[in-house]
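The sequence and coordinates come first, followed by the notes.

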10 protein chains.
Amino acid sequence: MNKVEMHHLIMAAKARKGFSWDDLSAAVGKAPVWLASVCYGMNSAPQEVAAHLCEVLELDAEVATAMTAYPVKGWDQAIPQDPLIYRLYEVVGVYGPTLKDVIQEKFGDGIMSAIDFSMHVEKIEDPKGDRVLLTLNGKFLPYRSW
Amino acid sequence: MNKVEMHHLIMAAKARKGFSWDDLSAAVGKAPVWLASVCYGMNSAPQEVAAHLCEVLELDAEVATAMTAYPVKGWDQAIPQDPLIYRLYEVVGVYGPTLKDVIQEKFGDGIMSAIDFSMHVEKIEDPKGDRVLLTLNGKFLPYRSW
Amino acid sequence: MNKVEMHHLIMAAKARKGFSWDDLSAAVGKAPVWLASVCYGMNSAPQEVAAHLCEVLELDAEVATAMTAYPVKGWDQAIPQDPLIYRLYEVVGVYGPTLKDVIQEKFGDGIMSAIDFSMHVEKIEDPKGDRVLLTLNGKFLPYRSW
Amino acid sequence: MNKVEMHHLIMAAKARKGFSWDDLSAAVGKAPVWLASVCYGMNSAPQEVAAHLCEVLELDAEVATAMTAYPVKGWDQAIPQDPLIYRLYEVVGVYGPTLKDVIQEKFGDGIMSAIDFSMHVEKIEDPKGDRVLLTLNGKFLPYRSW
Amino acid sequence: MNKVEMHHLIMAAKARKGFSWDDLSAAVGKAPVWLASVCYGMNSAPQEVAAHLCEVLELDAEVATAMTAYPVKGWDQAIPQDPLIYRLYEVVGVYGPTLKDVIQEKFGDGIMSAIDFSMHVEKIEDPKGDRVLLTLNGKFLPYRSW
Amino acid sequence: MNKVEMHHLIMAAKARKGFSWDDLSAAVGKAPVWLASVCYGMNSAPQEVAAHLCEVLELDAEVATAMTAYPVKGWDQAIPQDPLIYRLYEVVGVYGPTLKDVIQEKFGDGIMSAIDFSMHVEKIEDPKGDRVLLTLNGKFLPYRSW
Amino acid sequence: MNKVEMHHLIMAAKARKGFSWDDLSAAVGKAPVWLASVCYGMNSAPQEVAAHLCEVLELDAEVATAMTAYPVKGWDQAIPQDPLIYRLYEVVGVYGPTLKDVIQEKFGDGIMSAIDFSMHVEKIEDPKGDRVLLTLNGKFLPYRSW
Amino acid sequence: MNKVEMHHLIMAAKARKGFSWDDLSAAVGKAPVWLASVCYGMNSAPQEVAAHLCEVLELDAEVATAMTAYPVKGWDQAIPQDPLIYRLYEVVGVYGPTLKDVIQEKFGDGIMSAIDFSMHVEKIEDPKGDRVLLTLNGKFLPYRSW
Amino acid sequence: MNKVEMHHLIMAAKARKGFSWDDLSAAVGKAPVWLASVCYGMNSAPQEVAAHLCEVLELDAEVATAMTAYPVKGWDQAIPQDPLIYRLYEVVGVYGPTLKDVIQEKFGDGIMSAIDFSMHVEKIEDPKGDRVLLTLNGKFLPYRSW
Amino acid sequence: MNKVEMHHLIMAAKARKGFSWDDLSAAVGKAPVWLASVCYGMNSAPQEVAAHLCEVLELDAEVATAMTAYPVKGWDQAIPQDPLIYRLYEVVGVYGPTLKDVIQEKFGDGIMSAIDFSMHVEKIEDPKGDRVLLTLNGKFLPYRSW
């Protein structure tokens, strides 16, 4: 079973059972964004997490096996088109050099890892319109000489 | 004076005076990321903020005028190459559909605004390697029918 | 049922029944452009609108369910080729900077939302050749400092 | 004098005199969007309009001559990056096939001209946030057999 | 039936019957290039022409219906590769600015329509090698101010 | 002197003297499109034509020398943006496979040369709107086996 | 039968019979490169050559018919990736302007035809490593004025 | 002195002295294509060849030094536009897979080197039109296992 | 059997038997990277190696035949997206000109062959985090004059 | 002083003094590839290394300051064209998925860092042709769940 098929089976089971990502997160003890990324085929899960999730969703062991496979990460559109995703791309374009300057002034020459990394989404209720709070937390990796 | 010239004058003055973005932020009462984005020519500043910053940096009024001009936002590389910026692009590519799902499950059909928006960088000290904490806060805009 | 299949079922039923977008608009009480965009899979419909349309077109509840799903928006061609759509792209290319200047002079630094947004098509009869009147109405979103 | 130089001279004079596009429109009797597009080098002006505008802005006859030259229309970015212009591009992408269907159902097989064409921007004040009203008016051109 | 299937059925029937485009043109009273473009799915035919052609080719009414559908025009290759088509693209590249100058000097600021348009192919016999004569005839559309 | 400088000197002299391409064509005995293409730096002229044109325009011999140089042909935009040129590109896109079929049915497997080639522009006056008549005449080159 | 299916049938028969391109070349009296290009669907064969090859390979007449069809030439990759083909692309990139100069100095302003053209591959044995000798022979086509 | 300046100085001296590539080839004892490629900045020359050529062209030692520098090879257009060069690109596109098959059938799995490589241009006079003979000679490099 | 099918059969057998690339390498006496590249369809294997591997994996002779076929090498993404592969691409981008200078200073004008080439992966255990050691070994090919 | 100017000054001084990268490496105690990458503007040097190198090359302190600035890394060509660099790109394309599989089988799901990274070039003398040995050494970064 490949990651695409796995994704469809998980999404169907999730809908059938009426679980939200928060529900599944609570059930297996991992953050919603990471868990969703596994279910979208973009991360691999440890064996026990995969097994636990399949139990919760009443899915075959084959699905759990597909969840543990190391994914080939990729995306279809170099410039994303869906407005929700494009806005994030726009933020990287508009603020990229700014962030580079602010981060490197604080940390020195290096980067923020996208591998040793976590991300969270929160909802901030606001009478003038609710707000999305997105938190990215990545290890700083300094360039080094040799 | 265009935004490019303005940028060079500000960066030179900032270096000459030895100010960090945090110093300037404290001086004019605006967040470092926003302030840096103005100085990179990617946002316009209200008249009084521009004037205040030019005073702090001992720059001409012409620089303040350039800071208040409405910018044409843009970026040179559809796919950024500098590793620090690329990693953010990679995050959008790898986690884009995941974030769309998690956000829309929480908020309904809509997007996170990149206009009614703020962003912060923090340093989390960690003996295993310091971490970069990036916070994005955008208004949720629901799609609406008509 | 995905949005593509939904689209084909709706278009077939609409042709079979001989309804125009104006007819469907009158039947369910929503504007023709928005309604058509839902049927093309580019917007999600509220439950009651979807149900109503399926009733009018004598389509299964499954189609209504597909209509309420949140779409992933996208388009195949970065530069559209069909002449009707290309002309609109050309207008954006030729008049983009002009519109930016005229709008921002009237409203300040900010953008016209494509989310809090509506659009209408009208036919203006004219003996020298009928004219298409296209109206776009979007909320102005000011950039803000933080 | 080429169109780029002409553009800079007009913009400088307009700023110096404190005129808005509406002021200039009232002065020379042409719509603000068209007039701005001429000043951005994207349309040619009739001799008398060019002369009139240069009189109002106290600019040399050479500028008027540049205004009457037939422009080579073009734009730098196949996919625009400035958020205000990108949102219009996004509208074309998201609603292009919808508009094709709605327009051709009303008018038959053909296109809306981008040459025999006019466009207006209006501000609609609204306590929940002002709105931009964009009106495009183009002649319908039917495909014909031969 | 979509345009692709229609195209294959027409081409097969045309080959089976041994008709040339000139034969079909004579039979239905329309020019060969236009008729072929309809059969390639790039133009829509009036009902009576479609019916007539299907009679001549002994094809089902369903094919005629497909011929009357309004096409979505498009092409696979932004830069065509087949040598016959590439040479035409090369002509547009090499002579484009020249033609713009020559046409606009004769007609004023405007374009040659590709919608109100016709095209013909003729063979000019020549002992040094036959020549292809391609004639394009398009309405001149002047830009207008507003 | 390179072709760009040559082009600017010729265009300036042509404007100063008030000659049209037809005037220059009549003066040196070559077709307007070809002559203009030489002046745009896209073809080389025989020595005597170059000399003759420079005499008519009162230009230095250096310009004539530049006119005889073999050009490197090229164009800036793979997909042209100016509407007049784009419409020709669109014709190649929409009608390319149609033309291939019609031409090859008449001539056999081969192409229409863009080298052994000529082109003319004519104005057809018409009360419903003047028309542009574009004629392309290219040698047919058959593919051959070996 | 299309060219793709034709190609697979020929390649299978050729392998089954153990023929090389040289064997087939000798059998039907045409050069190996041209013959292979026909079998790859990139050239059309005269009726008698197609028939002869199908006889040699014991293939159906339908394959011969497909061999005589006029191909639509094309290639998948604007920049080829297979190293053998890329090296040829690299030669065109590195030596293109050099060849233009050397050829045009010898022949005048014009091109080497890729239509009235032949190509051969030879093996030159060499103790330091065998060498590939590739010969391209194309008619020189002079640009002409009109 | 960089390769661009070197190129212009050599081309100017060559024109001034009225030498052809064949003349220079005879003078320094290297093939015309290789020599021209050095002068176009695409290959480096051994010290003595560079010195000899500069003597023949009466150029400074600095030019000879620039000729011996190792070049960074590159080309501006991934898909060349000048017709003479495009035709070679087209040959690679149309015949690439054919050549791969014919060469590898003769030599085994491997490639023809573009480094251990030579190329020649010859003119074949022909009453029906002269022909260009292009010869590429490259070492065969077999893939090897490890 | 094509290379894609071959790849899937080998990967399935390898997983079923629980062999690592090191195990297979030891079994057939070839390096793991080369062996894996053959199984990914990117290199051809000598007959005896293919047969040996199929024996070890208990696969049909047809798989061995597919392993010996000369592959068409290619990759889907000009700019790879999977982070592991992108990092290697980034190394080529960031260090490409540096490596060119260092290599050519040591070896003269020429390149490192990617054909007469081998590659190895080693794991270096390190308490601060294990390290990947990648070794590339390619024959130096000097440019030569002719 | 920006990195481009710094690069030119260093390269000129290095040539003037006749130092190789190995000489400079020995002088300042850092590896040649890293040192060269600093001089190409692709890495920043610690203050003392920069000062030391400028002393060795007799360059101004301003050059040392430029060497310590944090660079914006980038490259001009998404697909490199110089043959030496292209071959490395080709290796990434051809062997990318192979390396991913071999590395991840050895290390688990993760990547090889291009930041915590070093690289060396060695010359292996060989009577059949010298060989380039390229060694890449990067920290393995495991993906982690959260």
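The model is predicted. In it, the side chains of B:K100 and A:D82 form a salt bridge, with an N to O distance of 3.0 Å. A salt bridge also links A:K106 to B:D22, where the closest N and O atoms are 3.3 Å apart. That pair crosses between chains: A:K106 sits in helix α6 (residues 83–107) of chain A, and B:D22 sits in helix α2 of chain B.

Eight salt bridges are found across the interface of chain B and chain A. Over all chains, the structure holds 70 salt bridges.

## Fold of chain A

Chain A contains six helices and two strands. The C-alpha trace of chain A spans about 50 × 50 × 30 Å along its principal axes.

An unreviewed UniProt entry lists residues 74–146 of chain A as "domain: Cyanate lyase C-terminal". This span is 34% helix and 37% strand, and its end C-alpha atoms lie 32 Å apart.

## Extent and make-up of the A–B interface

How much area do chain B and chain A bury between them? The figure is about 6800 Å², with 68% of it on carbon and sulfur atoms. Of the area that chain B buries against chain A, 10% comes from B:W75, B:L84 and B:V132, more than from any other three residues. The contact involves 69 residues from chain B and 69 residues from chain A.

Polar contacts across the interface of chain B and chain A number 32 residue pairs, counting pairs with both residues at pLDDT 80 or more. On the side of chain B that touches chain A, at least two residues each are supplied by α1 (3–17), α2 (21–28), α3 (32–39), α6 (83–107), β1 (110–124) and β2 (131–142) of chain B. The element that gives the most to this side is α6(B), with 25 residues. Sorted by class, the side of chain B that touches chain A has 40 nonpolar, twelve polar and 17 charged residues.

## Strand pairing across the interface

Which strand of chain B is joined to strand β2 (residues 131–142) of chain A? The partner is β2(B), and the two strands run antiparallel with nine bridges between them. Within this pairing, A:L136 has B:L134 in β2(B) as its bridge partner.

## Chains E and C

Chain E and chain C are also in contact, through eight residues of chain E and six residues of chain C. The two chains bury about 570 Å² between them, 49% of it on carbon and sulfur atoms. Zero salt bridges are counted between chain E and chain C.

Two residue pairs are in polar contact between chain E and chain C, with both residues at pLDDT 80 or more. The side of chain E that touches chain C has five nonpolar, one polar and two charged residues.

## Chain pairs without contact

Chain C does not touch chain H, and their nearest C-alpha atoms are 19 Å apart. Chain C and chain I do not touch either; for this pair the nearest C-alpha atoms are 18 Å apart.

Notes
Residues are numbered from 1 along each chain as its sequence is written. Chains are lettered from A and ligands numbered from 1 in the order in which they are written. Side-chain values use heavy atoms; hydrogens and water are left out. Contact means heavy atoms within 4.5 Å. Buried area is the accessible area (1.4 Å probe) that two parts lose on being put together, summed over both. A salt bridge is a side-chain nitrogen of Lys or Arg within 4 Å of a carboxyl oxygen of Asp or Glu. A polar contact is a pair of N or O atoms within 3.5 Å; within protein, one must be able to donate a hydrogen and the other to accept it, and residues adjacent in sequence count only if both atoms are side-chain atoms. Helices (H or I, at least four residues) and strands (E, at least two) are DSSP runs, numbered from the N terminus. Ala, Val, Leu, Ile, Met, Phe, Trp, Tyr, Cys and Pro count as nonpolar, Asp, Glu, Lys and Arg as charged, and the others, Gly among them, as polar. Two strands pair if DSSP finds at least two bridges between them. UniProt positions are given in the numbering used here, feature names are shortened, and annotations may be inferred rather than shown by experiment.
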